[in-house]
Amino acid sequence: MKIAGIVAEYNPFHTGHAYQIGRTRADLGGDAGIVAVMSGNWVQQADCAIAHKWTRARLALMGGADLVLELPTVWAMSSAETFARGAVALLAASGVVTHLSFGSECGDADKLRQVAACLDSPGYRAQLRRVLDGGAAFAACRQAVVRELLGEELSQLLSTPNNNLGVEYIRSLNALKSTIRPMTVLRKGAAHNSLSEERSPFVSATQIRQDLRKGRWEAAEPYLVPGGRAVLEGELAGLPDLHRVERAMLTRVRTMTARDWAVLPDSGAEEGLPQRLEKAGRQCASMEEYFALAKSKRYAHARLRRLVLWTYLGLTAPDRPQYPPYLRVLGFNSRGREILKEMKDRSALPVLTKPAHARELDEEGRRLFELEARCTDLYGLCFEKVPAPGREWTTGPVILL
């Protein structure tokens with residue numbers, strides 16, 4: 001059986017995600033299995049997920065996925081390059097995935113392969129160092145160098161988020177020398193992160209989250225998996241909101257020194273960013289004001305938000321191993337159970353189907369699982385009704401048979 005891996009946040013699962021799964025199966029054959037690597041309770045745009053990871057795994061299974069694995073927070077809430085590296089490493093370690101399917105704005109995997117090869121070439125690295133000295137943002141410098149080496153058309157691929165991630169997935173596959181074959185599905189409908197009152201068959205997850213948090217269930221429901229509304233409304237603690245932990249974050253940024261900021265990933269220590277972050281923390285009265293004081297044309301807002309959330313969660317760069325040390329199962333269906341059975345025989349990493357399995361991991365694995373448990377407990381503070389801590393150690397996979 002061909003098995004496609006899909007990397008996603010499913011925040012929440014919607015019609016666009018169902019379309020990708022459907023197109024992937026159509027291209028590989030109707031019996032193809034789908035293994036999703038999904039972000040946990042914290043997502044790459046530096047926000048709390050719209051629902052617990054087990055709830056989102058259930059929605060993914062209802063929408064066509066067969067097996068859902070967790071991308072731990074230390075990779076899920078990182079730059080595109082690190083996000084992709086962690087997710088692809090999990091798929092490769094599973095031993096069963098034959099293809100990696102991802103959405104893209106261009107729909108052309110060959111063009112994305114060309115850009116990926118360029119980014120890993122000695123010529124690119126040499127020119128990037130020169131361009132970065134001009135003080136522009138990294139993303140702009142990277143695109144400028146690719147323009148010099150490959151031309152305008154291919155460089156423009158780096159200006160859109162899904163193409164960008166696709167390039168990073170391919171780079172990660174190349175770095176691992178993986179036999180997994182990349183394939184892409186042309187993204188349709190609303191652009192990533194877009195907001196609009198006009199509705200089409202596909203809207204962005206950002207739009208759906210806004211509707212849900214404003215209580216506009218009727219507007220969001222057509223874009224959820226059938227039965228998805230009932231699942232989300234069944235969350236006893238309601239929907240989470242990052243604003244509920246703003247004072248906790250404000251406490252952290254007011255007490256952080258430049259040395260504290262410097263031990264975070266992507267801290268920009270060589271560029272003087274930690275000093276800027278410390279100064280902003282001494283002056284701000286709100287997180288909105290903090291980001292206004294800290295931002296500059298060189299540092300993307302999402303990067304600053306991720307740094308702040310790392311401090312809130314009490315994480316540092318050494319907390320992220322080079323590669324994930326285990327495969328955590330969040331949910332599966334009947335076909336997923338068969339994939340899981342094969343994966344247990346072929347996986348290069350321990351497969352956790354019960355929280356108790358974490359106690360059998362080596363030191364690195366146990367430490368990461370304990371950090372994930374802390375991240376889950378702190379996620380709970382984003383709810384109006386704060387749940388009891390310890391859920392990471394008591395919750396098993398969602399099973400839909």
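Which residues line the largest cavity?

**Ground rules**

I am looking at a predicted model, where local features need pLDDT of at least 70, side-chain atom pairs count only at pLDDT 80 or more, and totals for chains, interfaces and linings use all residues. Residues are numbered from 1 along each chain as its sequence is written, and side-chain values use heavy atoms, with hydrogens and water left out.

**Entry 1: cavities**

Rolling a probe the size of a water molecule over the atoms shows where empty space is left. I noted the terms. On a 1 Å grid over the protein atoms alone, a cavity is a set of points where a 1.4 Å probe fits but cannot get out; a pocket is an open set with protein on both sides within 12 Å along at least five of seven lines; lining residues have an atom within 4 Å of a point. Grid points are joined across faces, edges and corners, and a volume is the space filled by probe spheres set on the points.

I searched the whole structure and found 2 cavities of 30 Å³ or more. The largest holds about 60 Å³. Its lining is Met77, Ser78, Pro265, Asp266, Arg303, Arg306, Leu307 and Trp310. I sorted residues by class: Ala, Val, Leu, Ile, Met, Phe, Trp, Tyr, Cys and Pro count as nonpolar, Asp, Glu, Lys and Arg as charged, and the others, Gly among them, as polar. This lining has 4 nonpolar, 1 polar and 3 charged residues.

The second largest cavity holds about 40 Å³. I found Glu9, Asn11, Val43, Gln45, Asp47, Cys48 and Arg209 around it. That lining splits into 2 nonpolar, 2 polar and 3 charged residues.

**Entry 2: a pocket**

I turned to the second largest pocket, with a volume of about 470 Å³. It is lined by 20 residues, and the closest to its centre are Ala46, Asp47, Leu242, His243 and Arg305. Asp47 also lines the second largest cavity.

Helices (H or I, at least four residues) and strands (E, at least two) are DSSP runs, numbered from the N terminus. H10 (205-213), H13 (246-255), H16 and H17 each supply at least two residues of the pocket lining. H17 gives the largest share, 5 residues. By class I read 8 nonpolar, 5 polar and 7 charged.

**Entry 3: H16 and H17**

How do these two helices pack? H16 (residues 287-294) and H17 (residues 301-313) sit at an angle of about 125°, with axes 11 Å apart. Axes are lines fitted to C-alpha atoms, for helices over the stretch in contact, and angles run from 0 to 180 degrees between N-to-C directions. H16 and H17 are therefore oblique to each other. Angles under 35 degrees count as roughly parallel, over 145 as roughly antiparallel, 65 to 115 as roughly perpendicular and the rest as oblique.

I looked up the contact (heavy atoms within 4.5 Å). Met287, Tyr290, Phe291 and Ala294 of H16 meet His301, Leu304, Arg305 and Val308 of H17. These residues are 6 nonpolar, 1 polar and 1 charged. Arg305 is also among the residues closest to the pocket centre.

**Entry 4: H4 and H9**

The axes of H4 (residues 80-94) and H9 (residues 161-176) come within 8 Å and cross at roughly 50°. H4 and H9 are therefore oblique. On the H4 side I listed contact residues including Phe83 and Val88, and on the H9 side residues including Leu165 and Tyr169. The contact divides into 10 nonpolar, 1 polar and 4 charged residues.

Most residues other than glycine have a negative phi, and most peptide bonds are trans. I checked for exceptions. A cis peptide bond joins Asn11 and Pro12, with omega about 0°. Pro12 lies in the loop between E1 (3-8) and H1 (15-28). Lys177 is not a glycine, yet has a positive phi of about 55°. I placed Lys177 in the loop between H9 and E7 (181-186).
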